[in-house]
Amino acid sequence: MPSPFLTPGSSTKANELALLHLRRDQTIPTILRTYDDENLGYDEGKVTNTRFGSFPHSTIIDHPWGSQIAASKVDTGSRGRRAAPPKRKAEELDASGTTTGGDEEMPSLKTPVAAASGFLHVLYPTPESWTMSLPHRTQVVYTPDYSYILHRLRARPGNTVIEAGAGSGSFTHAAVRAVFNGYPEEGPATKRRRLGKVCSFEFHEQRVGKVQDEINQHGLDGLVEVTHRDVYEHGFLLGDPQTGKSPKANAIFLDLPAPWLALKHLVRKPPSGAESPLDPSSPVYLCSFSPCLEQAERTIRIMRQLSWLSISMVEVSHRRLDVKRERVGLDTEGVRGATLHPKSVEEAVAKLRSDEERAKLGRSGLLQSGDASASKKDSSAQMSTTPSYALGRLTHRSEPDLKTHTSYLVFAVLPRDWTEEDEQRCRQKWPSNRVNSAAEETPAKSRRQMKKEAKAQKVQEKGEEQQTSEAKSES
Ligand SMILES: C[S@@+](CC[C@H](N)C(=O)[O-])C[C@H]1O[C@@H](n2cnc3c(N)ncnc32)[C@H](O)[C@@H]1O
(Lines give C-alpha, C1' and ligand atoms only; values in the text may rest on other atoms or scores of the structure.)
Protein backbone atom coordinates (compact mmCIF):
# COMPACT_ATOMS: atom_id res chain seq x y z
CA MET A 1 0.00 0.00 0.00
CA PRO A 2 1.52 3.38 -0.96
CA SER A 3 1.83 5.82 1.92
CA PRO A 4 -0.29 9.00 1.85
CA PHE A 5 2.71 10.69 3.55
CA LEU A 6 5.00 9.98 0.61
CA THR A 7 2.82 9.49 -2.47
CA PRO A 8 -0.66 10.79 -1.62
CA GLY A 9 -2.01 10.73 -5.19
CA SER A 10 -4.67 13.22 -6.18
CA SER A 11 -7.64 12.13 -4.09
CA THR A 12 -8.67 10.52 -0.80
CA LYS A 13 -8.96 6.73 -0.65
CA ALA A 14 -10.75 4.33 1.67
CA ASN A 15 -8.58 2.76 4.42
CA GLU A 16 -5.97 5.51 4.21
CA LEU A 17 -5.08 8.22 6.69
CA ALA A 18 -6.54 11.68 6.03
CA LEU A 19 -6.47 14.85 8.06
CA LEU A 20 -9.78 16.58 8.72
CA HIS A 21 -8.79 20.22 8.95
CA LEU A 22 -11.25 22.23 11.04
CA ARG A 23 -9.22 25.41 11.52
CA ARG A 24 -5.62 26.62 11.69
CA ASP A 25 -4.83 24.91 14.98
CA GLN A 26 -7.30 22.03 14.92
CA THR A 27 -6.91 18.94 12.77
CA ILE A 28 -8.31 15.46 13.33
CA PRO A 29 -6.36 12.52 11.88
CA THR A 30 -8.56 9.58 10.86
CA ILE A 31 -8.45 6.44 8.75
CA LEU A 32 -11.18 6.84 6.16
CA ARG A 33 -13.63 3.93 6.17
CA THR A 34 -17.11 3.57 4.78
CA TYR A 35 -18.05 1.01 7.43
CA ASP A 36 -18.38 1.69 11.11
CA ASP A 37 -15.07 0.20 12.36
CA GLU A 38 -15.61 1.38 15.93
CA ASN A 39 -19.15 -0.09 16.01
CA LEU A 40 -20.73 3.17 17.07
CA GLY A 41 -23.99 2.33 15.36
CA TYR A 42 -24.32 5.00 12.69
CA ASP A 43 -26.53 4.17 9.73
CA GLU A 44 -24.20 6.18 7.50
CA GLY A 45 -21.15 3.99 8.34
CA LYS A 46 -18.11 5.57 9.99
CA VAL A 47 -18.78 9.13 11.12
CA THR A 48 -16.44 11.74 12.60
CA ASN A 49 -18.23 14.21 14.85
CA THR A 50 -16.71 17.66 15.24
CA ARG A 51 -17.75 21.02 16.64
CA PHE A 52 -18.57 21.98 13.04
CA GLY A 53 -20.93 19.07 12.44
CA SER A 54 -20.93 15.36 11.63
CA PHE A 55 -19.03 13.94 8.68
CA PRO A 56 -19.83 10.42 7.41
CA HIS A 57 -16.64 9.15 5.77
CA SER A 58 -18.60 8.14 2.65
CA THR A 59 -18.87 11.90 1.95
CA ILE A 60 -15.07 12.31 2.23
CA ILE A 61 -13.74 9.29 0.30
CA ASP A 62 -12.81 9.78 -3.38
CA HIS A 63 -12.60 13.55 -3.22
CA PRO A 64 -9.58 15.55 -4.39
CA TRP A 65 -7.25 16.43 -1.50
CA GLY A 66 -8.04 19.91 -0.22
CA SER A 67 -11.77 19.62 -0.95
CA GLN A 68 -14.28 21.35 1.25
CA ILE A 69 -16.67 18.78 2.71
CA ALA A 70 -20.10 19.83 3.92
CA ALA A 71 -21.43 18.46 7.21
CA SER A 72 -24.28 15.94 7.15
CA LYS A 73 -27.39 15.39 9.22
CA VAL A 74 -26.57 12.35 11.32
CA ASP A 75 -28.71 10.78 14.00
CA THR A 76 -26.37 10.92 17.00
CA GLY A 77 -29.14 10.45 19.57
CA SER A 78 -31.11 7.27 18.86
CA ARG A 79 -28.25 5.03 17.72
CA GLY A 80 -27.57 3.87 21.31
CA ARG A 81 -31.21 2.74 21.74
CA ARG A 82 -31.23 0.25 18.87
CA ALA A 83 -32.62 -3.25 19.56
CA ALA A 84 -29.84 -5.17 17.82
CA PRO A 85 -26.44 -4.10 19.17
CA PRO A 86 -24.51 -2.74 16.22
CA LYS A 87 -21.35 -4.36 17.58
CA ARG A 88 -22.64 -7.77 16.56
CA LYS A 89 -23.29 -6.54 13.07
CA ALA A 90 -19.75 -5.21 12.78
CA GLU A 91 -18.28 -8.44 14.17
CA GLU A 92 -20.24 -10.45 11.63
CA LEU A 93 -18.96 -8.21 8.89
CA ASP A 94 -15.41 -8.64 10.12
CA ALA A 95 -15.82 -12.41 10.22
CA SER A 96 -17.17 -12.51 6.68
CA GLY A 97 -14.13 -10.48 5.61
CA THR A 98 -16.19 -7.88 3.79
CA THR A 99 -15.31 -4.97 5.99
CA THR A 100 -11.55 -4.80 5.70
CA GLY A 101 -10.51 -3.49 2.34
CA GLY A 102 -13.62 -4.51 0.43
CA ASP A 103 -15.71 -1.41 0.76
CA GLU A 104 -17.60 -2.15 -2.45
CA GLU A 105 -19.10 -5.29 -0.88
CA MET A 106 -20.61 -3.42 2.09
CA PRO A 107 -24.31 -3.78 2.77
CA SER A 108 -26.25 -0.67 1.82
CA LEU A 109 -25.64 2.29 4.11
CA LYS A 110 -27.94 5.21 4.59
CA THR A 111 -27.17 8.00 2.11
CA PRO A 112 -26.04 11.02 4.11
CA VAL A 113 -28.15 14.16 3.90
CA ALA A 114 -26.35 17.52 3.84
CA ALA A 115 -26.78 19.70 6.93
CA ALA A 116 -27.66 23.38 6.71
CA SER A 117 -24.20 24.52 7.84
CA GLY A 118 -20.74 23.33 8.82
CA PHE A 119 -17.80 22.17 6.74
CA LEU A 120 -14.17 21.07 6.91
CA HIS A 121 -11.30 20.57 4.49
CA VAL A 122 -9.73 17.18 3.88
CA LEU A 123 -5.93 17.25 3.63
CA TYR A 124 -3.31 14.59 3.00
CA PRO A 125 -0.97 13.99 5.91
CA THR A 126 2.53 15.40 6.09
CA PRO A 127 5.06 14.85 8.89
CA GLU A 128 4.45 18.47 9.94
CA SER A 129 0.67 18.11 10.22
CA TRP A 130 1.05 14.67 11.82
CA THR A 131 3.34 16.17 14.50
CA MET A 132 0.64 18.71 15.32
CA SER A 133 -2.21 16.18 15.46
CA LEU A 134 -0.69 12.86 16.60
CA PRO A 135 -1.75 11.27 19.87
CA HIS A 136 1.06 12.29 22.25
CA ARG A 137 2.49 9.43 24.28
CA THR A 138 5.74 11.20 25.13
CA GLN A 139 7.40 14.55 24.66
CA VAL A 140 7.83 14.80 20.87
CA VAL A 141 10.35 16.42 18.56
CA TYR A 142 8.64 19.33 16.79
CA THR A 143 9.05 20.52 13.21
CA PRO A 144 11.47 23.42 13.86
CA ASP A 145 13.83 20.97 15.59
CA TYR A 146 13.59 17.97 13.24
CA SER A 147 13.95 20.03 10.09
CA TYR A 148 17.28 21.38 11.43
CA ILE A 149 18.37 17.96 12.75
CA LEU A 150 17.70 16.16 9.45
CA HIS A 151 19.56 18.88 7.57
CA ARG A 152 22.62 18.53 9.85
CA LEU A 153 22.43 14.72 9.62
CA ARG A 154 22.62 15.11 5.84
CA ALA A 155 19.61 12.76 5.60
CA ARG A 156 18.85 12.25 1.92
CA PRO A 157 17.08 9.69 -0.29
CA GLY A 158 18.65 6.27 0.10
CA ASN A 159 20.13 6.84 3.58
CA THR A 160 19.50 4.63 6.59
CA VAL A 161 18.71 6.44 9.84
CA ILE A 162 18.83 4.90 13.31
CA GLU A 163 16.41 6.50 15.76
CA ALA A 164 16.18 5.84 19.51
CA GLY A 165 13.66 6.09 21.16
CA ALA A 166 10.74 6.14 18.84
CA GLY A 167 8.40 7.68 21.45
CA SER A 168 5.29 8.99 19.66
CA GLY A 169 6.76 8.59 16.19
CA SER A 170 6.96 12.29 15.38
CA PHE A 171 10.61 12.26 14.27
CA THR A 172 10.09 8.85 12.60
CA HIS A 173 7.67 10.29 10.02
CA ALA A 174 9.93 13.23 9.17
CA ALA A 175 12.98 10.97 8.88
CA VAL A 176 11.28 8.46 6.59
CA ARG A 177 10.20 11.23 4.21
CA ALA A 178 13.79 12.55 4.11
CA VAL A 179 15.30 9.16 3.16
CA PHE A 180 12.46 7.79 0.98
CA ASN A 181 13.80 6.55 -2.34
CA GLY A 182 11.02 4.22 -3.51
CA TYR A 183 9.03 1.36 -2.00
CA PRO A 184 10.68 -2.04 -1.42
CA GLU A 185 7.90 -3.69 -3.51
CA GLU A 186 8.95 -1.62 -6.53
CA GLY A 187 12.14 -3.65 -6.88
CA PRO A 188 15.18 -4.64 -4.88
CA ALA A 189 17.75 -2.08 -3.85
CA THR A 190 20.81 -1.96 -6.08
CA LYS A 191 24.30 -0.61 -5.46
CA ARG A 192 23.35 2.56 -7.34
CA ARG A 193 19.86 2.90 -5.87
CA ARG A 194 19.71 2.28 -2.14
CA LEU A 195 16.26 2.35 -0.59
CA GLY A 196 16.03 4.70 2.36
CA LYS A 197 15.08 3.24 5.72
CA VAL A 198 14.47 4.26 9.33
CA CYS A 199 15.43 1.76 12.04
CA SER A 200 13.56 2.80 15.13
CA PHE A 201 14.29 1.48 18.64
CA GLU A 202 12.06 1.83 21.70
CA PHE A 203 12.03 -0.01 25.02
CA HIS A 204 8.50 0.85 26.22
CA GLU A 205 6.35 -2.07 25.07
CA GLN A 206 3.04 -0.21 24.60
CA ARG A 207 4.73 2.60 22.68
CA VAL A 208 6.35 0.04 20.39
CA GLY A 209 2.93 -1.47 19.68
CA LYS A 210 1.36 1.92 18.97
CA VAL A 211 4.15 3.09 16.68
CA GLN A 212 4.08 -0.27 14.87
CA ASP A 213 0.28 0.05 14.31
CA GLU A 214 0.66 3.59 12.99
CA ILE A 215 3.50 2.61 10.66
CA ASN A 216 1.29 -0.15 9.29
CA GLN A 217 -1.79 2.08 8.91
CA HIS A 218 0.30 4.80 7.23
CA GLY A 219 1.69 2.45 4.58
CA LEU A 220 5.26 2.75 5.89
CA ASP A 221 5.95 -0.98 6.40
CA GLY A 222 9.30 -1.88 4.92
CA LEU A 223 10.46 1.73 5.17
CA VAL A 224 10.39 1.89 8.97
CA GLU A 225 11.47 -1.06 11.12
CA VAL A 226 10.49 -0.73 14.78
CA THR A 227 12.44 -2.85 17.30
CA HIS A 228 11.49 -3.36 20.93
CA ARG A 229 14.88 -2.93 22.63
CA ASP A 230 16.76 -1.33 25.48
CA VAL A 231 19.52 0.20 23.39
CA TYR A 232 21.77 0.95 26.38
CA GLU A 233 22.11 -2.77 27.00
CA HIS A 234 21.62 -4.38 23.62
CA GLY A 235 22.67 -1.92 20.94
CA PHE A 236 21.32 -1.37 17.46
CA LEU A 237 21.54 -4.59 15.42
CA LEU A 238 18.31 -5.71 13.74
CA GLY A 239 16.89 -9.01 14.98
CA ASP A 240 19.11 -10.70 17.52
CA PRO A 241 21.12 -8.16 19.58
CA GLN A 242 24.33 -10.23 19.24
CA THR A 243 24.14 -11.98 15.89
CA GLY A 244 21.57 -9.79 14.13
CA LYS A 245 21.89 -7.86 10.86
CA SER A 246 23.59 -4.48 10.77
CA PRO A 247 21.30 -1.66 9.62
CA LYS A 248 24.39 -0.02 8.07
CA ALA A 249 23.30 3.40 9.24
CA ASN A 250 24.57 6.66 7.76
CA ALA A 251 22.81 8.86 10.32
CA ILE A 252 21.79 8.46 13.96
CA PHE A 253 19.35 10.39 16.09
CA LEU A 254 19.35 9.76 19.84
CA ASP A 255 16.40 11.13 21.82
CA LEU A 256 17.12 9.27 25.05
CA PRO A 257 17.40 10.24 28.71
CA ALA A 258 21.04 9.02 28.86
CA PRO A 259 22.43 9.06 25.29
CA TRP A 260 26.03 8.51 26.46
CA LEU A 261 25.10 4.97 27.54
CA ALA A 262 24.13 4.07 23.97
CA LEU A 263 27.30 5.45 22.36
CA LYS A 264 29.44 2.38 23.15
CA HIS A 265 27.41 0.41 20.57
CA LEU A 266 27.90 3.05 17.84
CA VAL A 267 31.51 2.22 16.99
CA ARG A 268 33.23 0.76 13.95
CA LYS A 269 34.60 -2.30 15.78
CA PRO A 270 32.48 -3.28 18.80
CA PRO A 271 34.64 -4.90 21.50
CA SER A 272 32.15 -7.80 21.74
CA GLY A 273 33.12 -8.84 18.22
CA ALA A 274 29.57 -8.24 16.97
CA GLU A 275 28.95 -6.47 13.68
CA SER A 276 28.93 -2.66 13.73
CA PRO A 277 25.51 -1.05 13.11
CA LEU A 278 27.23 1.66 11.06
CA ASP A 279 27.70 1.87 7.30
CA PRO A 280 31.35 0.88 6.74
CA SER A 281 31.52 2.77 3.45
CA SER A 282 30.51 6.24 4.61
CA PRO A 283 31.02 8.70 7.44
CA VAL A 284 28.26 8.58 10.04
CA TYR A 285 26.47 11.72 11.26
CA LEU A 286 24.99 11.74 14.76
CA CYS A 287 22.67 14.05 16.65
CA SER A 288 21.76 13.72 20.30
CA PHE A 289 18.79 15.67 21.66
CA SER A 290 19.01 16.70 25.32
CA PRO A 291 16.77 18.97 27.35
CA CYS A 292 19.61 20.09 29.62
CA LEU A 293 23.21 21.19 29.25
CA GLU A 294 24.63 18.66 31.74
CA GLN A 295 23.40 15.77 29.56
CA ALA A 296 24.92 17.37 26.48
CA GLU A 297 28.29 17.79 28.25
CA ARG A 298 28.35 14.20 29.42
CA THR A 299 27.52 12.96 25.89
CA ILE A 300 30.32 15.07 24.42
CA ARG A 301 32.87 13.64 26.90
CA ILE A 302 32.09 10.06 25.82
CA MET A 303 32.00 11.06 22.14
CA ARG A 304 35.59 12.34 22.42
CA GLN A 305 36.72 9.04 23.94
CA LEU A 306 35.08 7.13 21.09
CA SER A 307 36.76 9.18 18.32
CA TRP A 308 33.78 11.21 17.16
CA LEU A 309 34.92 14.36 15.37
CA SER A 310 33.54 17.83 14.56
CA ILE A 311 31.58 17.80 17.81
CA SER A 312 29.39 20.86 18.15
CA MET A 313 26.45 21.87 20.30
CA VAL A 314 23.51 24.00 19.21
CA GLU A 315 20.82 25.40 21.45
CA VAL A 316 17.55 25.53 19.59
CA SER A 317 15.32 28.28 20.87
CA HIS A 318 12.80 29.24 18.23
CA ARG A 319 10.82 32.44 18.44
CA ARG A 320 8.23 33.50 15.92
CA LEU A 321 7.92 37.25 15.77
CA ASP A 322 4.50 38.72 15.29
CA VAL A 323 5.04 42.02 13.45
CA LYS A 324 2.11 44.38 13.04
CA ARG A 325 1.11 48.01 13.00
CA GLU A 326 -0.64 49.21 16.13
CA ARG A 327 -3.10 51.96 15.29
CA VAL A 328 -4.45 54.33 17.91
CA GLY A 329 -6.55 57.40 17.19
CA LEU A 330 -9.99 58.76 16.57
CA ASP A 331 -9.51 58.26 12.83
CA THR A 332 -9.45 54.44 13.28
CA GLU A 333 -13.18 53.94 13.61
CA GLY A 334 -14.06 50.63 11.95
CA VAL A 335 -10.39 49.56 11.57
CA ARG A 336 -9.92 45.98 12.84
CA GLY A 337 -7.69 45.65 15.90
CA ALA A 338 -7.26 49.42 16.27
CA THR A 339 -7.74 51.35 19.53
CA LEU A 340 -10.37 54.05 19.12
CA HIS A 341 -8.85 56.56 21.52
CA PRO A 342 -7.30 60.02 21.02
CA LYS A 343 -3.60 59.57 20.30
CA SER A 344 -2.61 63.09 21.43
CA VAL A 345 -3.86 65.96 23.57
CA GLU A 346 -4.48 67.98 20.40
CA GLU A 347 -6.71 65.25 18.99
CA ALA A 348 -8.62 64.96 22.27
CA VAL A 349 -9.14 68.75 22.45
CA ALA A 350 -10.21 68.90 18.78
CA LYS A 351 -12.72 66.13 19.45
CA LEU A 352 -14.13 67.93 22.48
CA ARG A 353 -14.43 71.14 20.47
CA SER A 354 -16.22 69.45 17.58
CA ASP A 355 -18.55 67.62 20.00
CA GLU A 356 -19.39 70.91 21.70
CA GLU A 357 -19.99 72.55 18.34
CA ARG A 358 -22.26 69.75 17.26
CA ALA A 359 -24.15 69.89 20.58
CA LYS A 360 -24.66 73.63 20.15
CA LEU A 361 -25.92 73.19 16.60
CA GLY A 362 -28.17 70.37 17.73
CA ARG A 363 -29.67 72.53 20.48
CA SER A 364 -30.36 75.33 18.05
CA GLY A 365 -31.92 72.81 15.61
CA LEU A 366 -29.45 73.68 12.84
CA LEU A 367 -27.77 70.30 12.57
CA GLN A 368 -29.09 68.43 9.62
CA SER A 369 -28.16 64.87 8.85
CA GLY A 370 -26.60 65.84 5.50
CA ASP A 371 -24.33 68.44 7.08
CA ALA A 372 -23.22 66.00 9.77
CA SER A 373 -22.11 63.29 7.37
CA ALA A 374 -20.34 65.88 5.20
CA SER A 375 -18.33 67.20 8.14
CA LYS A 376 -17.39 63.65 9.16
CA LYS A 377 -16.22 62.86 5.61
CA ASP A 378 -14.13 66.04 5.53
CA SER A 379 -12.26 65.11 8.68
CA SER A 380 -11.51 61.55 7.55
CA ALA A 381 -10.34 62.86 4.13
CA GLN A 382 -7.89 65.10 5.95
CA MET A 383 -6.53 62.19 7.95
CA SER A 384 -6.19 59.69 5.12
CA THR A 385 -3.31 61.34 3.26
CA THR A 386 -0.91 58.63 4.64
CA PRO A 387 -1.22 55.23 2.91
CA SER A 388 -3.00 52.72 5.17
CA TYR A 389 0.03 50.32 5.28
CA ALA A 390 2.15 53.07 6.84
CA LEU A 391 -0.39 54.16 9.43
CA GLY A 392 0.16 53.44 13.11
CA ARG A 393 3.16 52.34 15.13
CA LEU A 394 5.16 49.31 13.96
CA THR A 395 5.46 46.78 16.80
CA HIS A 396 6.74 43.23 17.15
CA ARG A 397 6.36 40.67 19.88
CA SER A 398 7.09 36.97 20.03
CA GLU A 399 4.19 34.62 19.53
CA PRO A 400 3.82 32.63 22.75
CA ASP A 401 2.25 29.44 21.38
CA LEU A 402 4.98 28.27 18.97
CA LYS A 403 5.20 24.55 19.66
CA THR A 404 8.78 23.66 20.46
CA HIS A 405 10.92 23.20 23.53
CA THR A 406 14.39 24.36 24.36
CA SER A 407 16.81 21.71 23.29
CA TYR A 408 20.53 21.18 23.25
CA LEU A 409 21.54 19.36 20.11
CA VAL A 410 24.95 17.73 20.00
CA PHE A 411 26.22 16.92 16.50
CA ALA A 412 29.25 14.83 15.59
CA VAL A 413 30.77 12.85 12.72
CA LEU A 414 32.50 9.48 12.80
CA PRO A 415 34.75 9.15 9.73
CA ARG A 416 34.82 5.86 7.86
CA ASP A 417 37.62 3.39 8.61
CA TRP A 418 40.51 3.79 6.16
CA THR A 419 42.78 0.79 5.52
CA GLU A 420 45.86 0.27 3.32
CA GLU A 421 43.65 -1.65 0.85
CA ASP A 422 41.27 1.32 0.62
CA GLU A 423 44.27 3.54 -0.09
CA GLN A 424 45.53 1.23 -2.86
CA ARG A 425 42.07 0.92 -4.37
CA CYS A 426 41.76 4.69 -4.52
CA ARG A 427 45.18 5.09 -6.13
CA GLN A 428 44.21 2.58 -8.82
CA LYS A 429 40.85 4.23 -9.40
CA TRP A 430 42.14 7.79 -9.51
CA PRO A 431 45.79 7.62 -10.62
CA SER A 432 47.45 10.99 -10.36
CA ASN A 433 50.85 12.24 -11.52
CA ARG A 434 51.04 14.34 -8.45
CA VAL A 435 50.43 11.45 -6.11
CA ASN A 436 53.52 9.24 -6.59
CA SER A 437 56.08 7.90 -4.24
CA ALA A 438 58.82 10.29 -5.45
CA ALA A 439 56.62 13.30 -4.83
CA GLU A 440 55.80 12.01 -1.39
CA GLU A 441 59.47 11.63 -0.44
CA THR A 442 60.64 15.10 -1.57
CA PRO A 443 59.10 17.88 0.47
CA ALA A 444 56.73 20.19 -1.38
CA LYS A 445 58.43 23.22 -3.02
CA SER A 446 57.47 26.70 -1.99
CA ARG A 447 56.08 29.15 -4.54
CA ARG A 448 59.15 31.28 -4.32
CA GLN A 449 61.43 28.35 -5.08
CA MET A 450 59.25 27.33 -8.03
CA LYS A 451 59.41 30.88 -9.42
CA LYS A 452 63.19 30.93 -8.99
CA GLU A 453 63.54 27.64 -10.85
CA ALA A 454 61.27 28.81 -13.68
CA LYS A 455 63.34 31.98 -14.04
CA ALA A 456 66.61 30.01 -14.13
CA GLN A 457 65.17 27.72 -16.81
CA LYS A 458 64.14 30.72 -18.90
CA VAL A 459 67.64 32.24 -18.64
CA GLN A 460 69.12 28.92 -19.63
CA GLU A 461 66.81 28.62 -22.66
CA LYS A 462 67.60 32.17 -23.70
CA GLY A 463 71.37 31.45 -23.45
CA GLU A 464 70.98 28.35 -25.57
CA GLU A 465 69.01 30.28 -28.22
CA GLN A 466 71.70 32.96 -28.32
CA GLN A 467 74.45 30.38 -28.75
CA THR A 468 72.69 28.71 -31.68
CA SER A 469 72.03 32.05 -33.41
CA GLU A 470 75.72 33.02 -33.00
CA ALA A 471 76.83 29.69 -34.38
CA LYS A 472 74.52 30.18 -37.38
CA SER A 473 75.85 33.69 -38.11
CA GLU A 474 79.48 32.44 -37.88
CA SER A 475 78.85 29.68 -40.40
C1 LIG B 1 11.31 11.85 24.29
S2 LIG B 1 10.79 10.29 23.82
C3 LIG B 1 11.18 10.26 22.09
C4 LIG B 1 10.22 11.06 21.26
C5 LIG B 1 10.39 10.85 19.78
N6 LIG B 1 11.69 11.26 19.32
C7 LIG B 1 9.30 11.57 19.00
O8 LIG B 1 9.64 12.51 18.25
O9 LIG B 1 8.14 11.22 19.13
C10 LIG B 1 12.06 9.27 24.46
C11 LIG B 1 11.76 7.80 24.28
O12 LIG B 1 12.94 7.05 24.57
C13 LIG B 1 12.54 5.81 25.11
N14 LIG B 1 13.69 5.21 25.80
C15 LIG B 1 14.22 5.60 26.98
N16 LIG B 1 15.27 4.81 27.29
C17 LIG B 1 15.41 3.92 26.28
C18 LIG B 1 16.29 2.83 26.04
N19 LIG B 1 17.24 2.49 26.90
N20 LIG B 1 16.15 2.13 24.88
C21 LIG B 1 15.18 2.46 24.00
N22 LIG B 1 14.30 3.46 24.19
C23 LIG B 1 14.41 4.18 25.32
C24 LIG B 1 11.39 6.19 26.01
O25 LIG B 1 10.54 5.08 26.24
C26 LIG B 1 10.69 7.29 25.21
O27 LIG B 1 9.62 6.79 24.47
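**Entry 1: the ligand.** I noted at the start that this is a predicted model. I asked which elements supply at least two residues each of the shell around the ligand. I found helix 4 (170–179), strand 8 (197–202) and helix 6 (231–234). Next I looked up which of the 22 residues around the ligand come nearest, and they are V141, G165, G167, S170 and F203.

Entry 2: I then traced an open sheet of seven strands, in the order 9-8-7-10-11-15-12, with mixed pairing. Strand 9 (224–228) and strand 12 (309–316) each have a single partner strand, so one side of each is left without a neighbour in the sheet. On average, neighbouring strands here are turned by 15° against each other, direction ignored.

Strand 8 and strand 9 run parallel, joined by five bridges, and I spotted S200 opposite V226 in strand 9.

**Entry 3: helices on the sheet.** Helix 4 packs on this sheet and touches strands 7, 8, 9 and 10. Its direction makes about 160° with that of strand 8. I saw helix 7 (residues 293–305) lying across strands 11, 12 and 15, at about 10° to strand 15.

**Entry 4: the hairpin.** Last, I looked at strand 1 (residues 17–23) and strand 2 (residues 26–31), which pair in the antiparallel sense over six bridges. They form a hairpin with two residues between them, and L17 stands opposite I31. Strand 1 also runs antiparallel to strand 6 (residues 113–123), with three bridges; there I found H21 opposite H121.

Methods. Residues are numbered from 1 along each chain as its sequence is written. This is a predicted model: local features need pLDDT of at least 70, side-chain atom pairs count only at pLDDT 80 or more; totals for chains, interfaces and linings use all residues. A residue is near a molecule or strand if its C-beta atom, placed from the backbone, lies within 6 Å of it. Helices (H or I, at least four residues) and strands (E, at least two) are DSSP runs, numbered from the N terminus. Two strands pair if DSSP finds at least two bridges between them. Axes are lines fitted to C-alpha atoms, for helices over the stretch in contact, and angles run from 0 to 180 degrees between N-to-C directions. Two residues are in contact if their C-beta atoms, placed from the backbone, lie within 7 Å.
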